[in-house]
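Please have the sequence and the 3D view open while reading.

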Amino acid sequence: MKAAQIMHFGAPEALRITDTDRPTPGPGEVLVRVQASSINGHDVVVRGGGLKMVSGRKFPIGAGLDFAGVVVETGPGVADYRAEDRVWGMVHPRQKHAVAGAAEYVVVTTDRIGPAPVGISATEAASLVVTGSTALIALRDSVGLAAGERVLVRGAAGGVGTSAVQLARAMGGRVTALARDRHAEVLRELGAEEVLDYGNTASEQIGPFDVILDTVGTELNCYRSRLAKGGRMVTVGLSAAAIAAVAASTIHGSRRIRTFSANPGPGVLNAVADYVTSGALRPMVHHVYPLTDIAAAHEAFERGGVLGKHVLAIAG
């Protein structure tokens with residue numbers, strides 16, 4: 001089978017499409033024929049060597065965190081899934097993988113998947129696995145968004161941002177989106193009451209907000225100062241500066257900055273699927289690449305500036 005693998009740490013050229021043996025599911029596992037996988041920040045950090053403690057230093061390393069596809073085979077003890085079931089999910093982000101989501105087949109345990117939402121394609125489903133799960137965990141679990149609260153989504157045009165705008169609106173939040181001005185019309189359609197151009201909007205000019213969801217990872221203390229009394233902030237755009245700001249916020253002041261590593265189980269995946277099925281959350285796919293162009297997809301992700309997700313089409 002074909003699989004995208006990282007042959008050394010570095011630039012997108014470190015990625016190769018290789019021929020490898022198709023895996024066999026063990027107890028409690030399923031074999032999924034992958035139809036699509038998306039590009040995420042986690043993928044880029046692993047490729048660059050920023051998560052060596054997780055990925056290990058033994059090459060090749062499997063590329064691709066998420067996937068959508070069809071169950072082909074089940075291992076012993078699996079009762080909830082059978083062949084031809086449509087599923088979506090992700091490999092474990094804190095485990096070593098020689099083959100991961102960006103491959104023709106992947107083996108995962110059943111706690112890594114859920115039934116894929118009906119009414120959308122595998123490409124669209126793959127675009128929402130990480131983004132929808134991350135936005136839901138951030139808004140529902142990390143900051144406990146309540147109806148009527150004022151929400152700022154910073155980096156609103158990206159994958160997590162577009163999901164966060166929609167989910168915040170579905171939860172009853174009053175959403176302000178901070179993004180490039182050219183994306184304003186679509187972000188309003190997704191549920192933002194106000195869209196601000198980040199190029200000419202300073203943090204001190206806006207707010208206060210009850211909730212801030214940051215996907216950028218910079219200037220966190222500036223935006224933290226825009227929280228109302230009792231306000232909460234969560235960032236998913238981690239950098240060295242972001243980690244320092246998160247740590248400092250736990251000591252100084254009441255408005256703590258929260259963060260987390262998205263690792264959704266079936267419960268979160270099912271909740272995201274419910275939002276999709278209800279029409280409250282729709283996929284935003286910017287461009288679809290064949291698996292063989294995964295390096296180009298990584299390059300495009302790192303350039304940024306687009307609306308929605310870069311997705312790999314792997315099988316029909």
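This is a predicted model: local features need pLDDT of at least 70, side-chain atom pairs count only at pLDDT 80 or more; totals for chains, interfaces and linings use all residues.

Residues are numbered from 1 along each chain as its sequence is written, and side-chain values use heavy atoms, with hydrogens and water left out. Helices (H or I, at least four residues) and strands (E, at least two) are DSSP runs, numbered from the N terminus.

**The sheet**

- Six strands make an open sheet with parallel pairing, in the order S11-S10-S9-S12-S13-S14; two strands pair if DSSP finds at least two bridges between them.
- Strands S11 (194–197) and S14 (257–259) are at the edges with a single partner strand each, so one side of each has no neighbour in the sheet.
- From one strand to the next, the twist averages 20 degrees; axes are lines fitted to C-alpha atoms, for helices over the stretch in contact, and angles run from 0 to 180 degrees between N-to-C directions.
- S9 (residues 150–154) and S12 (residues 209–214) run parallel and are joined by four bridges.
- Arg154 has Asp214 in S12 as its bridge partner.

**Helix H3 and its neighbours**

- H3 (residues 122–142) packs on the sheet and touches S12, S13 (227–235) and S14, where contact means heavy atoms within 4.5 Å.
- The direction of H3 makes about 150 degrees with that of S12.
- The axes of H3 and H8 (residues 266–278) come within 9 Å and cross at roughly 100 degrees.
- H3 and H8 are therefore roughly perpendicular to each other (65 to 115 degrees; under 35 is roughly parallel, over 145 roughly antiparallel and the rest oblique).
- Residues of H3 including Leu128, Leu136 and Arg140 meet residues of H8, among them Val268, Leu269 and Tyr275.

**Helix H1**

- Asp43, Val44, Val46 and Arg47 are buried in H1 (residues 41–48), with buried meaning under 20% relative accessible area, exposed over 50% and partly exposed in between (1.4 Å probe, protein chains only).
- Down the axis of H1, the buried residues fall within an arc of 165 degrees, so they line one face of the helix; the arc is that of the directions from the helix axis to the C-beta atoms.
- Gly49 follows H1 and has a positive phi, near 90 degrees.
- H1 and H9 (294–303) pack at about 110 degrees, with axes 10 Å apart.
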